[in-house]
There are 2 protein chains.
Amino acid sequence: MSQHMTPDEFREYGRQVVDWVADYMEGVEKLPVRSQVAPGDVRAALPAHPPERGEGFGGVLADLDRIIVPGLTHWQHPGFFAYYPSNASGPAILGDLLSSGLGVQGMLWATSPACTELETVVVDWLAELLGLPDHFRTDNVGGGVIQDSASSASLLAILAALRRTGDAAEQGLTGRHTLYVSTETHSSLAKSARIAGIGADNVRVVGVDPATLGMDPERLDRMLAEDIAAGATPVLVCATVGTTSTAAVDPVRAIGEICRRHGVWLHVDAAYAGVAAVCPELRGLNDGVAEYADSYATNPHKWLLTNFDCTVMWVADRAPLTGALAIHPEYLRNAATSSGAVVDYRDWQVSLGRRFRALKLWAVLRWYGAEGLRDHIHKGLEQAARLTAWITDDPDFELHEPQTLGLVCFRPLWAGGDEDAATMRLMEALNDSGALYLTHTRVAGRVVLRMALGGVRTEAEHVRAAWEAIRAEHARTVVGETAVVTGRSDLIT
Amino acid sequence: MSQHMTPDEFREYGRQVVDWVADYMEGVEKLPVRSQVAPGDVRAALPAHPPERGEGFGGVLADLDRIIVPGLTHWQHPGFFAYYPSNASGPAILGDLLSSGLGVQGMLWATSPACTELETVVVDWLAELLGLPDHFRTDNVGGGVIQDSASSASLLAILAALRRTGDAAEQGLTGRHTLYVSTETHSSLAKSARIAGIGADNVRVVGVDPATLGMDPERLDRMLAEDIAAGATPVLVCATVGTTSTAAVDPVRAIGEICRRHGVWLHVDAAYAGVAAVCPELRGLNDGVAEYADSYATNPHKWLLTNFDCTVMWVADRAPLTGALAIHPEYLRNAATSSGAVVDYRDWQVSLGRRFRALKLWAVLRWYGAEGLRDHIHKGLEQAARLTAWITDDPDFELHEPQTLGLVCFRPLWAGGDEDAATMRLMEALNDSGALYLTHTRVAGRVVLRMALGGVRTEAEHVRAAWEAIRAEHARTVVGETAVVTGRSDLIT
């Protein structure tokens, strides 16, 4: 017979796992942020073959400590400043546990009405909290939906936009279709263009204002006019609110006016920065969204305390999205769908099946309330402001401006030689230390370090300690640099 | 200040949630399987606006009982026989909880090496458990990866196949590309064809053998030859092992030989049935896979005790897949990726970000062992065999043959009139009762009921009770049918 875990065993092991996670929360600060293992180490520590006989849950917990944890880069560590924060909060973790425990699958309204309706409610709540327009609401012509990632949201925006330009979904793509991004747009747009059959070569890259790194609307306008004259079909323009590289903000309103004039879909990728609009004073970030955006995506799983995966995507009109994706095989037909009175989220996403992700966002919005969410954003902003001031005051470092929201980009200054290589060495040394974890990017061809604030466990003291470590490592390295200024540029890969 | 849940609060609320889930496991049997709410009921019971101030976690648990649970269709109910089972097991739930608690993001090897390496190990373990070929292994030229769903796996197979036929990812699709499915293939193939820009019109539907509902290889061969002669580029043939409608099995070997001859990618969608190959006596299901399949997908989240979402997809050669998807922006560059010594799973999927899903599959494989997994499959097969015998012996019902694995399809017989409408009314009455939940399909134009065994909590007594309920409702309905035989055909939507 199958040895299912009984409810009582679940209670017992469940408490052990809850305690394990609580211990992890308490102890993560003592672990090296970036994993120190080499390729293959974790695999080599695991058995080559699956077990023939079942075992208890204790072995999993033991191997978690022994093999898995040393192989992790700890995104919840207070010294994690890499990429963007990926907030995991208590209420989100428990909301996700409820989702796993219920084990329902919300592909159709009919397969669990509450899975769909709670989602429509929480995405409408979030639209209200962010000051997004009423037509984005699910009880209006548009609607919101939880996706796994902003990448998927971009792909879906492209598919909806293609739907509006013609019958590609039925007939397949014919002729040249073009997408518009800037040099700073997230790589998922190019990936989505590949996936959708548009092709990476038809992703038109618009230049940016060198001062702001925001897309240059005039160049966009010219490029659109030229491409249309040359017979291409422009599909979508992606404007970004908070780029991945430097949190730059595109001029959405100006871009939107151009999109409107040329009849092109405007997608706004606000993956990182969008959630900051829970603070009313930051809603200027979204200027132009209400008037011009056909679709908009932001990630509560970055800075809004909701575990990955939780991207919320809204469309101003849901018809082209569902028109691009809806297929109705017999085995999924049901009275509720036929009535037209319900939302079937399978028609809003790539996959058919879907988890009950609304529970974790619901738990977060209730636990924190609007007030707590604003407090969390403010805390990240304050830490960024403090760090920015230290950098500005330090003659050995140069701040990248404009500094935006919780991301601080800066360059250590060197006496000469291969400055980029020296900066990369500095970063690697810091990351190797285990005390903090930074990533880099390039601005105008030069390596710049990125430090993203906003982690759940990151307090002022951690930012201070990180800055001291950066300064100390820089000072230490400057002494040695003269001998090796041209070495190891291979680190910049 | 932000009111984060402290580790001690997490311990306290975590126990409450674990107990809530254990209580749910114990009590789910007493709830109506299919939700009885009407469209809008759940939404109307929830506040119109998000809370301004945060609250404890108690409100979430209270509203879960009061509002959410009545709005759920209980996929883990022992009387859930609809669609296919979506097994949620204790070890999988706890594996998922660990994933949420760790909150790491495995887009790159470097962003948490163990997240990638544990995944390569467990998918290789699963390949071994299912008797899949060595070249599918991640330590070989192919490799396995966890996707959210078989839909995504199909899309990715198409993208890899397109890569092999040319430079569509760069240049965009030009010319006519065609896909090959049968009348019984899952709708996600048509959806993926729309997404990939191939177009639904270019999905070529091959007829099936009316006896087995398996794809007719000769017709496939002719269609391919004709399309090639007409200048189309055939991209991919999808063979299914266990169709969604009736669990029919396509002749993979014969199809594979034809694919090889025409140089077309063979994707095997074994979403439901593939995991049954943990039982060596069922490996005949995969005959031809080792020799011919370029990609293969099966869902541990259906019948293999691992919570949704967990589809495992393997490719015989990973180069076309990663070639279709890899993009390397500066902010994701790192020494490990550049070394070529690691797997970066972002290049194996649509999205950039990814959860640590390997933990739940690892927990399941260790808890059950190969033995426990086989026992679980055997139990579903035995229940299906018993139900099949009852149907065969009952003159009021007709079994759909061949009956395959844990799915039993059958038709109640009627004295005349609109038989399909009568069958749908019977199903709706049963589903309205709350005691069990069935779905339907059509075979050769006629409505057939589907009863899928294999639920975690479904015991012999539940199958017996369901069968008695079906018989009783049929007997009751037959009496009333003469008056209404032509009514309510709208139920077949």
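This is a predicted model: local features need pLDDT of at least 70, side-chain atom pairs count only at pLDDT 80 or more; totals for chains, interfaces and linings use all residues.

Visitor: What makes chain A and chain B related as by a two-fold rotation axis?

Guide: Superposing chain A on chain B takes a rotation of 180° with 0.0 Å of shift along its axis, and the RMSD is 0.0 Å. The two copies are thus related as by a two-fold rotation axis. The contact surface fits in with that: 100% of the contact residues of chain A recur in chain B, so the same surface serves both copies.

Visitor: How many residues of chain A are in contact with chain B, and what area is buried between them?

Guide: On the chain A side 169 residues are in contact, and they meet 169 residues of chain B. About 14,700 Å² is buried between chain A and chain B, with carbon and sulfur atoms giving 61% of that area.

Visitor: Why are helix 4 of chain A and helix 1 of chain B called roughly parallel?

Guide: Take helix 4 (residues 90-102) of chain A and helix 1 (residues 7-27) of chain B: their axes cross at roughly 10° and come within 10 Å. Angles under 35 degrees count as roughly parallel, and the pair is therefore given that label. Among the residues making this contact are A:Ile93, A:Leu97 and A:Leu98 from helix 4 of chain A, and B:Tyr13, B:Val17 and B:Trp20 from helix 1 of chain B. By class, the contact has twelve nonpolar, three polar and no charged residues.

Visitor: How do you know that helix 1 and helix 3 of chain A are roughly parallel?

Guide: Helix 1 (residues 7-27) of chain A packs against helix 3 (residues 58-68) of chain A at an angle of about 10°, with the axes 11 Å apart. With the cut-off at under 35 degrees, the two are therefore roughly parallel to each other. Helix 1 of chain A contributes A:Tyr13, A:Gln16, A:Val17 and A:Trp20, while helix 3 of chain A contributes A:Gly58, A:Leu61, A:Leu64 and A:Asp65. That contact has five nonpolar, two polar and one charged residues.

Visitor: What makes B:Arg43 and A:Asp139 a salt bridge?

Guide: Their side chains meet at 3.3 Å, N to O. The rule asks for a side-chain nitrogen of Lys or Arg within 4 Å of a carboxyl oxygen of Asp or Glu, so the pair qualifies. B:Arg43 lies in helix 2 (residues 41-45) of chain B and A:Asp139 in the loop between helix 5 (113-129) and strand 1 (143-147) of chain A, so the pair joins two chains. B:Glu371 and A:Arg53 also meet in a salt bridge, at 3.2 Å, N to O.

Visitor: How many salt bridges are there between chain A and chain B, and how many over all chains?

Guide: The count between chain A and chain B is 24, and over all chains it comes to 80.

Note on methods:
Residues are numbered from 1 along each chain as its sequence is written. Chains are lettered from A and ligands numbered from 1 in the order in which they are written. Side-chain values use heavy atoms; hydrogens and water are left out. Copies are superposed by least squares on the C-alpha atoms of residues with pLDDT of at least 70 in both. Contact means heavy atoms within 4.5 Å. Axes are lines fitted to C-alpha atoms, for helices over the stretch in contact, and angles run from 0 to 180 degrees between N-to-C directions. Helices (H or I, at least four residues) and strands (E, at least two) are DSSP runs, numbered from the N terminus. Angles under 35 degrees count as roughly parallel, over 145 as roughly antiparallel, 65 to 115 as roughly perpendicular and the rest as oblique. Ala, Val, Leu, Ile, Met, Phe, Trp, Tyr, Cys and Pro count as nonpolar, Asp, Glu, Lys and Arg as charged, and the others, Gly among them, as polar. Buried area is the accessible area (1.4 Å probe) that two parts lose on being put together, summed over both.
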